[in-house]
Amino acid sequence: MVNLGNSWDSLLAEEFQKKYYLELREFLKNEYLHSGVRIFPEMNDLFSALRLTPYENVRAVILGQDPYHGYGQAHGLCFSVRKGVTPPPSLKNIYKELKTDLGIDAPEHGCLEEWAKSGVLLLNSVLTVREGQAGSHRNKGWEILTDRIISLLNESEKPISFILWGAYARSKASLITNSRHLILEAAHPSPLSAYNGFFGSRPFSKTNAFLGSRAVDWRLD
């Protein structure tokens, strides 16, 4: 079964035994091993977001929808790609806003692992996808698990900034009911919508102003 190696193991232990998750697990076994199509990310990267950002370390959450469905892109962190892979357009726009907001120059890569290690949970709502088929693993059970993760974070005694970009992410705001947390909503950074409220939203500086002494180091080397 799942072994994350940190506090998420005990927090999600019951969830991983529930009927929906066991059915999801069987579905994924078939998809990865017998479907004849590539599934992203690789199995070892499914829970990278949780492994890199233990529950007690979470300072901010950036919520995505599906993993990238192009070859070699997804590696378990929303909006992130491995070093050596060209940053996709949405990520390039995130870097533009980072520069405008905090004056931080874009790195020469698209890997956001340093954010994850700094306390930014880079969580997709659906954690797997078929190559070239956006949304192909929606409504298979992932959303139940990731909604539970958001609800657990809502219960955190430490203030968290929830950064919700686009209509889908913003629909999860209803799960964040604790007044100690901050919800930052804006348009999606996709080129189709970035000029409709993503650019100029200043999520990075707003998050750090809210977190104070627990501010995130948004620099990427």
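Reader: Which residues of helix 8 are buried?

Author: In this predicted model, helix 8 covers residues 203-211, and its buried residues are P203, F204, S205, T207, N208 and L211.

Reader: What do those buried residues of helix 8 pack against?

Author: They pack against strand 2, helix 4, helix 5 (113-117), strand 5 (161-165) and strand 6 (182-186). Just after helix 8 comes G212, with a positive phi of about 60 degrees.

Reader: Strand 2 is on that list. Why does I62 count as buried?

Author: I62 has its place in strand 2. Its relative accessibility is 1%, and buried means under 20%, so I62 counts as buried.

Reader: What is I62 in contact with, once its neighbours within four places in sequence are left aside?

Author: Quite a list: C78, F79, W115, V120, L121, L122, L123, I163, W165 and W218.

Reader: And how far apart are I62 and N30?

Author: They sit 32 residues apart in sequence, and in space their C-alpha atoms are 30 Å apart.

Reader: Let's move to H75. Where is H75?

Author: You'll find H75 in the loop between strand 2 (60-64) and helix 4 (89-102).

Reader: Is H75 buried or exposed, and how do you know?

Author: Check the number: the relative accessible area of H75 is 2%. The cut-off for buried is under 20%, so H75 is buried.

Reader: What makes the pair H75 and S80 a polar contact?

Author: Their side chains make a polar contact at 2.7 Å. The limit for the N or O atoms of such a pair is within 3.5 Å, so 2.7 Å passes the distance test. Not counting residues up to four places away in sequence, H75 touches P41, D45, S48, S80, V81, R82, C111 and E113.

Reader: What is the handedness of the crossing where helix 2 passes helix 6?

Author: That crossing is left-handed.

Reader: Which residues meet there?

Author: From helix 2 we have Y20, Y21, L24 and L28, and they meet W142, I144 and L145 of helix 6. The contact divides into 7 nonpolar residues, no polar and no charged.

Definitions and conventions. Residues are numbered from 1 along each chain as its sequence is written. This is a predicted model: local features need pLDDT of at least 70, side-chain atom pairs count only at pLDDT 80 or more; totals for chains, interfaces and linings use all residues. Side-chain values use heavy atoms; hydrogens and water are left out. A crossing is left-handed if the near helix is turned anticlockwise from the far one by less than a right angle, and right-handed if clockwise. Helices (H or I, at least four residues) and strands (E, at least two) are DSSP runs, numbered from the N terminus. Contact means heavy atoms within 4.5 Å. Ala, Val, Leu, Ile, Met, Phe, Trp, Tyr, Cys and Pro count as nonpolar, Asp, Glu, Lys and Arg as charged, and the others, Gly among them, as polar. Buried means under 20% relative accessible area, exposed over 50%, partly exposed in between (1.4 Å probe, protein chains only). A polar contact is a pair of N or O atoms within 3.5 Å; within protein, one must be able to donate a hydrogen and the other to accept it, and residues adjacent in sequence count only if both atoms are side-chain atoms.
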